[in-house]
Each structure stands twice: as structure tokens, then as C-alpha cells.
Amino acid sequence: MSDGIYREESLRRYRNRVRREDVPLTVGTGRLVALWAIVALLLAAGGVFALALGERLGGGA
């Protein structure tokens, strides 16, 4: 009767789950750089498209 009301295995699983929840989700540096590169490429493509469309419609500067 000195074991307590919780099993050791249950306590171990609870401690492991709590530790995992304390760690924030992070994005690695390489992936972060890649995502920003994709954003930059999309912005550049949008700018080129806008300039090409403006030229085609005759409103070019």
C-alpha cells in the first residue's frame, strides 16, 4: 500500500507528455530561408507580371 494511487508507468508517460508540450514548435533556419526565398520570388514574379500587363495595355511609363 506504499506505492501510492498512481502506477509508475502512468506517471512516467505523464511527465514525458508534459515535457513535449513545453517545447515550442520551431522552423529550422534552412526552411525559413527557403520560405522567404519563395515569397521573394512570388513578389518579383508579380512585379514582372504587373509591368508586362501595364505595357500590354499601353499604360507603360
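A residue is called buried under 20% relative accessible area, exposed over 50%, and partly exposed in between. By that rule Arg13, at 44% relative accessibility, counts as partly exposed. The model described here is predicted. Its secondary structure consists of two helices and zero strands, and a search of the whole structure finds two salt bridges.

**Overall surface**

- The protein has 61 residues, of which buried residues make up 0%.
- Its accessible surface amounts to about 6200 Å². Carbon and sulfur atoms account for 65% of that surface.

- Glu9 and Arg12 form a salt bridge in which the closest N and O atoms are 2.5 Å apart. Because the two residues are three residues apart in helix H1, about one helical turn separates Glu9 from Arg12.
- A salt bridge also joins Arg13 to Glu9, with the closest N and O atoms 3.6 Å apart. Arg13 and Glu9 are four residues apart in helix H1, so their separation is likewise about one helical turn.
- Together, Glu9, Arg12 and Arg13 are linked in a network of salt bridges.
- Glu9 has a relative accessibility of 35% and therefore counts as partly exposed. Arg12 counts as partly exposed because its relative accessibility is 37%. Arg13, at 44%, also counts as partly exposed.

**Loop between the helices**

- Val27 is located in the loop that lies between helix H1 (8-22) and helix H2 (29-56).
- The relative accessibility of Val27 is 53%, so this residue counts as exposed; the cut-off for that class is over 50%.

**Nonpolar surface patch**

- Val27 also belongs to a nonpolar patch on the surface, formed with Leu32, Leu35, Trp36, Ile38, Val39, Leu42 and Leu43.
- Together, the residues of this patch have about 850 Å² of accessible area.

- Helix H2 has 28 residues, which should span 40 Å at 1.5 Å a residue. The expected span is taken as 1.5 Å times one less than the number of residues. The end C-alpha atoms of H2 are 40 Å apart, which agrees with that expectation.

How values were computed:
Residues numbered from 1 in each chain as written. Predicted model: local features only at pLDDT ≥ 70, side-chain atom pairs only at ≥ 80, totals over all residues. Heavy atoms only, no water. Patch = residues over 30% accessible without salt bridge, like charges linked within 9 Å, V, L, I, M, F, W, Y side chains within 5 Å. Areas by Shrake-Rupley, 256 points an atom, 1.4 Å probe, with all protein chains shown as cover. Salt bridge = Lys/Arg side-chain N within 4 Å of Asp/Glu carboxyl O. Buried < 20%, exposed > 50% of the residue type's maximum accessible area, 1.4 Å probe, protein only.
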